[in-house]
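These are my notebook entries on one structure, written down in the order in which I looked things up.

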Amino acid sequence: WEAQQEPWDGPALLVWSDGKWVGACLDRNGLRPARYLVTKKGLVCMMSETGVLTNLEENDILEKGRLGPGQMIACDLTEGE
C-alpha cells in the first residue's frame, strides 16, 4: 500500500520573510484554512478563520480570498505591493 500513495505529513501553511518580502504557501493538499484580506489602507492579513478581525468595516476591505492547494501569497515590503 505504501508504494501506491505519497506520504502525507498533514496540513501545513509555511509562512516566511526575508525582511523585504513576507509570504505564505499552503501545502499541496490544501487542508489547512488560509484566508487573507487586503484593506484600502494597505494592511494585508492572513488568518485561519474568517471573523478574526472584528474592528474592520466591510467597506474598508479591498480584496479577500483564500489560498488553494499549493498556492502562495507574497507582499513586497519595500514597494508596498
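**Entry 1: Thr39.** I looked up Thr39 and found its place in strand β3, keeping in mind that this is a predicted model. Is Thr39 buried or exposed? Its relative accessibility is 6%, and because buried means under 20%, Thr39 counts as buried. I then listed what Thr39 touches, leaving out residues up to four places away in sequence, and wrote down Leu56, Asp60, Ile61 and Leu62. One of these, Ile61, is also the bridge partner of Thr39 in β5.

**Entry 2: the strand around Thr39.** I next asked how many of the 5 residues of β3 are buried. The count is 4, and I noted β3 as mostly covered. Strand β3 runs over residues 35–39 and β5 over residues 61–66. These two strands pair in the antiparallel sense over 5 bridges, and within that pairing I found Val38 with Glu63 of β5 as its bridge partner. On the β4 side, β3 pairs in the antiparallel sense as well, over 4 bridges. There I noted Arg35 opposite Met47 and Leu37 with Cys45 as its bridge partner.

**Entry 3: the sheet as a whole.** Which order do the strands take in this open sheet? I read it as β4-β3-β5, 3 strands with antiparallel pairing. Strands β4 and β5 stand at the edges, and because each has a single partner strand, one side of each is left without a neighbour in the sheet. Ignoring direction, neighbouring strands of this sheet are turned by 15° against each other on average. As background, I reminded myself that strands of a sheet pair through backbone hydrogen bonds, either parallel or antiparallel.

**Entry 4: side chains along β4.** I went along strand β4, residues 44–47, to see where its side chains point. In a regular strand the side chains alternate between the two faces of the sheet.

**Entry 5: the turn at Gly42.** Strands β3 and β4 form a hairpin with 4 residues between them, and Gly42 is found in the loop that joins these strands. I noted that Gly42, in the turn, has a positive phi of about 95°. Gly42 counts as exposed, because its relative accessibility is 51% and the cut-off for exposed is over 50%. I also looked up Gly42 together with Glu81: they are 39 residues apart along the chain, while their C-alpha atoms are separated by 8.3 Å.

**Entry 6: the largest pocket.** I then turned to empty space, which is found by rolling a probe the size of a water molecule over the atoms. The largest pocket holds about 190 Å³ of space. Which residues lie nearest its centre? I wrote down Leu37, Thr50, Gly51, Ile61 and Lys64, out of 14 residues that line the pocket. The elements that give two or more residues to this lining are β3 and β5. By kind, the lining residues divide into 7 nonpolar, 3 polar and 4 charged.

**Entry 7: the other open sheet.** I found another open sheet of 3 strands, with the order β1-β2-β6 and antiparallel pairing. At its edges stand β1 (13–17) and β6 (72–76), and each has a single partner strand, so one side of each is left without a neighbour in the sheet. The twist in this sheet averages 10° from one strand to the next. Strand β1 pairs with β2, residues 21–26, in the antiparallel sense over 5 bridges, and Ser17 stands opposite Val22 of β2.

**Entry 8: the whole chain.** Finally I stepped back to the protein chain, whose secondary structure comes to 0 helices and 6 strands. Read along the sequence, the pattern is β-β-β-β-β-β. Buried residues make up 23% of the 81 residues. Among contacts between residues at least 6 apart in sequence, I noted that 47% join residues at least 24 apart.

Methods. Residues are numbered from 1 along each chain as its sequence is written. This is a predicted model: local features need pLDDT of at least 70, side-chain atom pairs count only at pLDDT 80 or more; totals for chains, interfaces and linings use all residues. Side-chain values use heavy atoms; hydrogens and water are left out. Two strands pair if DSSP finds at least two bridges between them. Axes are lines fitted to C-alpha atoms, for helices over the stretch in contact, and angles run from 0 to 180 degrees between N-to-C directions. On a 1 Å grid over the protein atoms alone, a cavity is a set of points where a 1.4 Å probe fits but cannot get out, and a pocket is an open set with protein on both sides within 12 Å along at least five of seven lines; lining residues have an atom within 4 Å of a point. Grid points are joined across faces, edges and corners, and a volume is the space filled by probe spheres set on the points. Ala, Val, Leu, Ile, Met, Phe, Trp, Tyr, Cys and Pro count as nonpolar, Asp, Glu, Lys and Arg as charged, and the others, Gly among them, as polar. Buried means under 20% relative accessible area, exposed over 50%, partly exposed in between (1.4 Å probe, protein chains only). Contact means heavy atoms within 4.5 Å.
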